[in-house]
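Please examine the sequence and the structure shown below. The paragraphs that follow lead through the charged pairs, the helices and the surface.

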Amino acid sequence: MPGALQQARAQAAPLFAKWPDPVREPLIEHHLTAAWRAGLCEDRNPYEEVADELRRAPGLASVPLTDDAGHGWLHEERQDAVLKAVGDLLDRAA
């Protein structure tokens, strides 16, 4: 519904206000798309579908984490920490 999407976009926009213009709109769009998908899949338990794949998976990659990585959306609350982590990862890859 266009009205509902407009309202959701208006509510999400302040969360990304500190991001530069070229990044802000894709982040808002992803946030809205991810929230929509999550709502559709809320009642599903995907673990059963991927359990064998998880058991056979290799160990986790060594990636830099921020000091306050938690349950929130870090890209909303700590843009500086996300950009630093991306920079650290690129430095390690170089």
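**Charged pairs and helices**

A salt bridge joins Arg-24 to Asp-21, with 2.6 Å between the closest N and O atoms; the term denotes a side-chain nitrogen of Lys or Arg within 4 Å of a carboxyl oxygen of Asp or Glu. The model is a predicted one, in which local features need pLDDT of at least 70 and side-chain atom pairs count only at pLDDT 80 or more, while totals for chains, interfaces and linings use all residues. Residues are numbered from 1 along each chain as its sequence is written, and side-chain values use heavy atoms, with hydrogens and water left out.

Both Arg-24 and Asp-21 belong to helix 2, where they are 3 residues apart, about one turn of the helix. Helices here are DSSP runs of H or I with at least four residues, strands are runs of E with at least two, and both are numbered from the N terminus. Arg-24 is partly exposed at 22% relative accessibility, whereas Asp-21 is exposed at 55%. In these terms, buried means under 20% relative accessible area, exposed means over 50%, and partly exposed lies in between (1.4 Å probe, protein chains only).

Side chains of opposite charge can pair when their charged atoms come close. The whole structure contains 6 salt bridges. One of them links Glu-29 and Arg-9, whose closest N and O atoms are 2.6 Å apart. Because Glu-29 lies in helix 2 and Arg-9 in helix 1 (residues 2-12), this pair ties together parts that are 20 residues apart in sequence. Glu-29 is partly exposed, with a relative accessible area of 39%, and Arg-9 is partly exposed at 24%. Arg-9, Glu-25 and Glu-29 are linked in a network of salt bridges.

A further salt bridge pairs Arg-55 with Asp-52, the closest N and O atoms being 2.9 Å apart. These two residues are 3 residues apart in helix 3, or about one helical turn. Arg-55 is exposed at 57% relative accessibility, while Asp-52 is partly exposed at 48%.

The chain as a whole has 5 helices and 0 strands. Buried residues amount to 16% of its 94 residues. Which residues does His-31 touch, not counting those up to four places away in sequence? They are Ala-12, Phe-16, Trp-73 and Glu-76, where contact means heavy atoms within 4.5 Å. His-31 sits in helix 2 (residues 21-40) and is buried, with a relative accessible area of 15%.

In helix 5, the buried residues are Gln-79, Ala-81 and Ala-85. They lie on the same side of helix 5, because they cover an arc of only 165 degrees around the axis; the arc is that of the directions from the helix axis to the C-beta atoms. These buried residues pack against helix 4 (74-77). The face turned away from the buried side of helix 5 carries the exposed residues Leu-83, Lys-84, Leu-90 and Asp-91.

Tyr-47 lies in helix 3 (residues 47-56) and is partly exposed at 40% relative accessibility.
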